[in-house]
Structure formats: structure tokens, C-alpha cells
Amino acid sequence: MLEEKFFLVREDVLPEAMKKSLEVKEMIARGKVTSIAEAVQKVDLSRSAFYKYRDTVFPFHTMVKERIMTLFFHLEDQTGALSQLLATVATAGCNVLTIHQTIPLQGKANVTLSLDMSGLQGDIHTLLSKLKRLEFVDKVEILGTGA
């Protein structure tokens, strides 16, 4: 499993599709458009390019200011898995705001956690690495961040 790494990159070296994806996200966040289709049309970007980059490129100020992060997990159905996942999050200094867990099907369950990251000890990269190393975690994704 590859570890996610984060980099701070100057805007002028970003590919045009990434810059336009950021524009689309901003238009949606500010209510300037009613749909993703409308936003991508306004900035002349394909929807597929937007979906490729929407969860991978963020303005620096939002990543610094954000205190709430939503993480998605694909877990193996094991006794105590959710408890151990929550303990790892708590040990890192995060506060769980919401939990949504699907019923396990074929030995797998999806869990979505919204976390208050303001007490995070260390950085998000370290936390994600710890979570990915848990034996029952098949997948971890950042779904989004909020204020």
C-alpha cells in the first residue's frame, strides 16, 4: 500500500487542469454555480479532469485553517476493528464528530469518520500512515475538509 505524501507547490508550476479544478471547487463553495457541470463548462475543463483532481489539490490556506476532516475507510470485518480504529484516532489527538458504518457485506464494511483535527499531535501524513498500517484497513481516503 502506497503512503500518501503532501507537498507545498507554487501555483505557477501546477498543470492547468489542477488550477481549473481549484477554480471549480471555489465556484461551487461560493454558490456561484448550481452544478459541477456548469462550473467545469465555465472554466473550460472536462468533468473527468475535475473528478481526477478534486480530492487531491487544495488551496494552502484551507489545509492550514481546516479543523474538520472527513475520512473514508474500507475495513475487513473483524471483532474490535472499529474500536481499534477509533483508539488510533483518539491517541493522535483527534476528536470524532460523526461516525457512519455500513453493515458488513462479504467480510468488508465502509466507515466514514468526521474528525476535529485541532488537537492533532503530529501531522496528517503520520496519522494516515498509522491508520493504513492497521491490519484490518484496506483503504483510507480523505473525503474532504471543512471549517
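**Close-up views of a predicted model**

View 1. Glu38 and Lys42 sit four residues apart in helix 2 (residues 36–43), which is about one turn of the helix. Their side chains meet in a salt bridge, at 3.8 Å from N to O. Keep in mind for this view and those below that the model is predicted. How exposed is each partner? Glu38 has a relative accessible area of 26%, so Glu38 is partly exposed. Lys42 comes in at 54%, so Lys42 counts as exposed.

View 2. Lys108 belongs to strand 3 and Asp138 to strand 4, so the pair ties together distant parts of the chain, 30 residues apart. Lys108 is partly exposed because its relative accessibility is 29%. Asp138 is partly exposed too, at 29%. As a general point, side chains of opposite charge can pair when their charged atoms come close. The count of salt bridges comes to six.

**View 3. The segment before helix 1.** Phe7 lies in the segment that precedes helix 1 (16–29). Is Phe7 buried or exposed? With 68% relative accessibility, Phe7 counts as exposed. Together with Val9 and Val13, Phe7 makes a nonpolar surface patch of about 330 Å². Look also for Asp12 and Arg10, whose side chains meet in a salt bridge (2.6 Å, N to O). Asp12 has 52% relative accessibility, so Asp12 is exposed. Arg10 is exposed as well, with a relative accessible area of 59%.

**View 4. The largest nonpolar core.** This core has 22 residues, and the ones that touch the most other members are Leu71, Phe73, Leu85 and Leu131. Which elements give two or more residues to the core? They are strand 1 (68–76), helix 5 (81–91), strand 3 (108–116), helix 6 (124–133) and strand 4 (137–146). Zoom in on Leu85 and, leaving aside neighbours within four places in sequence, you'll find contacts with Phe73, Leu75, Val111, Leu113, Leu131, Leu134 and Phe136. A second, separate core holds nine residues, including Met27, Val33, Val40 and Phe50. In soluble globular proteins, nonpolar side chains tend to be buried together.

**View 5. Thr88 in helix 5.** Thr88 is part of helix 5. Its relative accessibility is 16%, below the 20% cut-off, so Thr88 counts as buried. What does Thr88 touch beyond its neighbours within four places in sequence? The contacts are Leu127, Lys130, Leu131 and Leu134.

View 6. UniProt, in an unreviewed entry, lists residues 70–145 as "domain: ACT". Over that stretch the chain is 28% helix and 42% strand, and the end C-alpha atoms are 6 Å apart. The protein has six helices and four strands, and along the sequence they follow the pattern α-α-α-α-β-α-β-β-α-β. Its C-alpha atoms fill a box of roughly 50 × 35 × 30 Å along the principal axes. Of its 147 residues, 31% are buried. The protein exposes about 9300 Å², with carbon and sulfur atoms supplying 53% of that area. Among contacts with a separation of 6 or more, 69% join residues 24 or more positions apart.

Conventions
Residues are numbered from 1 along each chain as its sequence is written. This is a predicted model: local features need pLDDT of at least 70, side-chain atom pairs count only at pLDDT 80 or more; totals for chains, interfaces and linings use all residues. Side-chain values use heavy atoms; hydrogens and water are left out. Patches are made of residues with over 30% relative accessible area and no salt bridge: like charges are joined within 9 Å, nonpolar side chains (Val, Leu, Ile, Met, Phe, Trp, Tyr) within 5 Å. Accessible areas come from the Shrake-Rupley method with a 1.4 Å probe; for residues, only the protein chains shown count as cover. A salt bridge is a side-chain nitrogen of Lys or Arg within 4 Å of a carboxyl oxygen of Asp or Glu. Buried means under 20% relative accessible area, exposed over 50%, partly exposed in between (1.4 Å probe, protein chains only). UniProt positions are given in the numbering used here, feature names are shortened, and annotations may be inferred rather than shown by experiment. Contact means heavy atoms within 4.5 Å. A nonpolar core is a set of buried Ala, Val, Leu, Ile, Met, Phe, Trp, Tyr and Cys residues joined through side-chain atoms within 4.5 Å.
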